[in-house]
Amino acid sequence: MKHKFIAKRYWKDITTPMGQSDVLAASFDDVINLSLGDPDLITDDLIIDNSMKDAKAGHTKYTDFRGDPELRKEIIKTYKKDYNIDFKDEEIMVVASGCLAMYLVLEAIIDDGDEVIIHSPFFTPYPQQVELARGIPVFLDTLEEEDFQINIERLESLITERTKALIINTPNNPTGTCFTRSTLEDIAYIAKKYDLVIISDEIYGAYSYQNPFIPMVTIDDMKERTITINSFSKDYTMTGWRIGHVLAPDYIIKTIQQINENVVFTAPSISQRGAIYALRNREKIQPPMIKEYRDRIFYAYERINKIPNMSVLSPKGTFYLFVNIKETGLSSTEVSDRILKKAHVLVLPGIAFGEAGEGYVRIACTVGIEKLKEAFDRIEKMKLFQN
């Protein structure tokens, strides 16, 4: 919005289809919302009940600047048990959400004009977060015919003397792909060759259906140049709790802490207590939740591939499907708009995730199979997808 009291860098409208989804969802009384990745499941009672007990016991104040010491210990235990990797306490900081974690990391490492490579399609906020930190986003296309893996030759061709970092996201939003060990090892080779930092967004780590999830930091010799961002939002259905964490070399954590003290001071104390109980009870909490989303996404996968002019790859991770609609001859915005108006189903156009997302729509399987069935029944009845 152009106004004398608004900073000029915000005069250009940066609203995205993702940001407009709440308005679009209200377009019709019977909209089935498959747009945002906000799980319909409620946070497990074990987390809620114990957090409320702790609140009543006095956990309502500021915590340590790097997060509740109990939570930091649980994070260390989790990475050791699940991935056999050791972290020191000084290498951990708890923050108010994965999104804030990304901003703090970028603010800590980027000098004005530094370039950050982002593989596309990408999580919508990444480019502007880079720009907020006065960096320059550079986009690396990934392709469906390459399983949306990073092509190392294309990656290397984008590197300049100003390249500082590469943001990776696996399991990936929006494509649902999971990077193979081979891809991660190739990324590691490039990072070491050009002395780059890897910022690894791993907030969907629990949702890896075909193979065990591989954190970037477990690749040989990558711990000192990997910054891991994680969150409790998706892996524990705690989106509204706004709690995440950063794992990085201690000097980066110290810098992030100093920045965060001038932004939100500390992460919410009650949310941190919830995160403690989530980690301590993850072997009980996660399996039924993961099974539910796995059942949904494979159901949706089967339905989509039976609809004319729509196709999608077999699910590998997350609870998103990136649906190819190129055979319709329409843009992703046009297809999303027609699906909303004719079927009253809200999906996101692929263009919302970068130029490489054009020709696709993203579907979030965040409603039950019964609702998914109704959504795909409606879409199948549309004339749009008939030859």
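**Notes on the predicted model**

1. The UniProt record, an unreviewed entry, places the feature "domain: Aminotransferase class I/classII large" at residues 30–379. The model itself is predicted. Over residues 30–379 the chain is 39% helix and 15% strand.

2. On the cysteines: the structure holds 0 disulfides. The sulfur of cysteine 99 has its closest cysteine sulfur in cysteine 178, at 20 Å, which is too far for a bond. For cysteine 365 the closest cysteine sulfur is also in cysteine 178, and the separation of 15 Å again rules out a bond. Cysteine 365 is buried, with a relative accessible area of 0%, whereas cysteine 99 counts as partly exposed because its relative accessibility is 33%.

3. How many salt bridges does a search of the whole structure find? The search returns 31. Side chains of opposite charge can pair when their charged atoms come close. Three of these pairs are taken up in the next points.

4. Aspartate 89 and arginine 66 meet through their side chains in a salt bridge, 2.7 Å from N to O. Aspartate 89 lies in the loop between helix H3 (69–83) and strand E2 (92–95), and arginine 66 in the loop between helix H2 (45–56) and H3, so the pair ties together parts that are 23 residues apart in sequence. Arginine 66 counts as buried at 13% relative accessibility, while aspartate 89 is partly exposed at 24%.

5. Arginine 273 forms a salt bridge with glutamate 70, and their closest N and O atoms are 3.1 Å apart. This pair links distant parts of the chain, with arginine 273 in helix H9 (residues 269–280) and glutamate 70 in helix H3, 203 residues apart. Arginine 273 is buried, with a relative accessible area of 5%; glutamate 70 is partly exposed, with 32%.

6. A salt bridge also joins the side chains of lysine 316 and aspartate 147, at 3.1 Å from N to O. Lysine 316 sits in the loop between helix H10 (282–304) and strand E9 (320–324), and aspartate 147 in the loop between strand E4 (136–141) and helix H6 (152–158), so parts 169 residues apart in sequence are tied together. The lysine 316 residue is buried, with a relative accessible area of 16%, and aspartate 147 is partly exposed, with 23%. Elsewhere, salt bridges that share partners join Asp54, Asp68, Glu70, Glu74, Lys77, Arg273 and Arg280 into one network.

7. Is proline 215 buried or exposed? Proline 215 counts as buried, because its relative accessibility is 2%. It lies in the loop between strand E6 (197–201) and strand E7 (226–231). Leaving aside residues up to four places away in sequence, proline 215 touches Tyr83 and Glu202.

8. On the surface, Ile6, Tyr10 and Leu132 form a nonpolar patch. Together these residues have about 220 Å² of accessible area. Tyrosine 10 lies in the segment before helix H1 (21–25) and counts as partly exposed, at 31% relative accessibility.

Note on methods
Residues are numbered from 1 along each chain as its sequence is written. This is a predicted model: local features need pLDDT of at least 70, side-chain atom pairs count only at pLDDT 80 or more; totals for chains, interfaces and linings use all residues. Side-chain values use heavy atoms; hydrogens and water are left out. Helices (H or I, at least four residues) and strands (E, at least two) are DSSP runs, numbered from the N terminus. Buried means under 20% relative accessible area, exposed over 50%, partly exposed in between (1.4 Å probe, protein chains only). Contact means heavy atoms within 4.5 Å. Patches are made of residues with over 30% relative accessible area and no salt bridge: like charges are joined within 9 Å, nonpolar side chains (Val, Leu, Ile, Met, Phe, Trp, Tyr) within 5 Å. Accessible areas come from the Shrake-Rupley method with a 1.4 Å probe; for residues, only the protein chains shown count as cover. A salt bridge is a side-chain nitrogen of Lys or Arg within 4 Å of a carboxyl oxygen of Asp or Glu. UniProt positions are given in the numbering used here, feature names are shortened, and annotations may be inferred rather than shown by experiment. A disulfide is a pair of cysteine sulfur atoms within 2.5 Å.
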